[in-house]
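Dear colleague,

Please find below the structure I wished to pass on to you. My notes on it follow directly after.

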Amino acid sequence: MYHMPLASSSAMDRLVLWLGRSPTLGFAISRVAFSAAATWQVGAMFGNEPEFAHTALLLKAAVWTWTAISIAQNSLTPPLGLLLRPIFLLFDLIIFLTAIVLCEPLQIAALGCLFFVAWSASDRFGRGAVLILGICLIFAFIVRGYYESWASARHVPAVDRAIDSLTIVIGCVIAASMLSMNILERRLISWSERLQGVGLSFQKSLAQFLVEQVSQLMNSRYCALVWEMTDDTAVHCELGDAEGVRHLVLPQKQIDGLSNVTPREAPFLYSTQSPRLLLRSRLGILRNERAADLTETISDVFGPGQGASFHIQAGELRGRLFIGTSHGWSPALLLRCLRIQEGIDLFLERHFFFLAWRQRTFAEARQALSRDLHDSVLQTLAALRVRLATTIHGLSDAGVPDKLAELKSMEELVTAEQAHLRRLLSQQSPVPGEGDVDLGRQVERCCRFIALQWAIDCRLNLAERSMSVSAETAAEVEYLIREAAANAVKHANARHITVSIAQADDEILIALKDNPGPQAVARESYTGDFELQSQSIMKRLGKIGGTAYFHNLSMNSLISIRLPSSLPRSPI
């Protein structure tokens, strides 16, 4: 399997990367630092004047109240959060510009905080907001020439040093935020490039692979893919969480609630505590949509919490990913989801292109092999059958019924092998979801062939009357049973083999129990269960994600095989 490297999960790494996901955390740290600096500056300006003590107290309370309210407003849900966010940004802009104009010791710290104002405004309104903010900043510096700053003659060395230290803190937060933005961008580009290089080099199903990769990239609590194929009406759900990736069987009401999302193409953020979704319109404008049924369904299936979702559609697959991650209604996460969506769509297009190319290549190779083998193996089998028929006809009056029965059994075996080989050579490369066959009927025919091939008694014990699987899966089951039966005959002198087969959830269970004949191989008493030693069987199972075990019993032996019902890729 192709292994994509995992992201680091150390506490410092998570902190630095969180600074680059959105301006929320960096802005909060800078606000606190700026408020502390402003508090010390107010104390330095009015500390020696008793008549202004009340004013100084009010200013300090106003600064910290503004800080607390500004930090808390980030948790507001749409539509209230979308409505108040521009008002808070405008108020922040006025405060920091006022500090630049009237308070010289705080101007560098205010400039640092304006960086986060510009970042938040660009997230909310686009890059045009940065241009407007720049014009306002230029106007503030022009105005500075006409006013004398309040604190020009009130410098306190200890306070100046403290303010300088807090200004350095704000600068470090800005540097860390820019660095983490660069790291996130590079990580996303690297992830997308590695994803394109995977192609068909993974053993798990396509849905499981996508869930694992997105979950690792987003470091999410859960990641679910609700998907369907264009040629199949069934809707599937793959969920990856702390317990691993597994398939969920959802009722039709929940499937409809998760798949019938409007608008279909736009990524959105959701919270199970709010009936609103946050998304961008086709013009790039943030808006909210009411979707109480969707958030209720998400809560029922995946549990409470926040998350993001986006639509994927490429080739034969279409579906929607739901990613459980904390976001705080960050518009930056919507842009990141859009980038991930583009990378996955490109990966799926390449995957289905390579899959179609491989199927066409195998089909052409099969046709070429069919032409080559038709004049060799099939004709050799035909000649052998003719010679057996001639020999049987010559011995029909010789009074050797045992010999005739053996020769007729060999003729029947050759006939069955001819039909099996013709079927293999004429079969086209299987297409997932097409050409389903009855597995019980296929295995029953295989048991009859094994009985003829090895001159033993091979019986089928079918747990279910009807098991519909793809032709590719049925062929894989037949190969495994034939190989296991051959091992039982050659190594254990088995004369009676019972084949049991059943289907549980998304797996096929096969058991072969042998009963040795009078020349049984000496075996010890029960020694327990261990992994099967047949390299051919284990190699084939390793390609499709199956397992096999050998159970050594007192009078006989049992081979148990487990493989997925839907093979992730062609075993050829």
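Leaving aside its neighbours within four places in sequence, which residues is serine 35 in contact with? Please note, before the reply, that this is a predicted model. Serine 35 is in contact with Val63, Trp64, Trp66 and Thr67, once those sequence neighbours are set aside. Serine 35 belongs to helix H2. With a relative accessibility of 0%, serine 35 counts as buried, because buried means under 20%.

Helix H2, which covers residues 23–46, also holds valine 32. Valine 32 has a relative accessible area of 37% and is therefore partly exposed. Together with Trp64 and Ile71, Val32 makes a nonpolar surface patch of about 230 Å².

A charged group and a ring also meet in this model: the charged end of arginine 31 sits over the ring of phenylalanine 27, at 3.9 Å from the ring centre.

Turning to the aromatic residues, the structure holds 13 aromatic pairs. In one of them, the ring centres of tyrosine 222 and phenylalanine 302 are 5.1 Å apart and the ring planes lie at 20 degrees, so this pair is stacked. The pair links distant parts of the chain, as its members are 80 residues apart: tyrosine 222 is in strand S1 (residues 222–229) and phenylalanine 302 is in helix H10 (residues 292–302). Both tyrosine 222 and phenylalanine 302 are buried. These two residues also belong to a cluster, in which ring pairs link Tyr222, Phe268, Tyr270, Phe302 and Phe322.

With kind regards

Note on methods. Residues numbered from 1 in each chain as written. Predicted model: local features only at pLDDT ≥ 70, side-chain atom pairs only at ≥ 80, totals over all residues. Heavy atoms only, no water. Phe/Tyr/Trp six-rings, centres within 6.5 Å; stacked < 30°, edge-to-face > 60°. Helix = DSSP H or I, 4+ residues; strand = E, 2+ residues; numbered from the N terminus. Buried < 20%, exposed > 50% of the residue type's maximum accessible area, 1.4 Å probe, protein only. Lys NZ or Arg CZ within 6 Å of the ring centre and 35° of its normal. Patch = residues over 30% accessible without salt bridge, like charges linked within 9 Å, V, L, I, M, F, W, Y side chains within 5 Å. Areas by Shrake-Rupley, 256 points an atom, 1.4 Å probe, with all protein chains shown as cover. Salt bridge = Lys/Arg side-chain N within 4 Å of Asp/Glu carboxyl O. Contact = heavy atoms within 4.5 Å.
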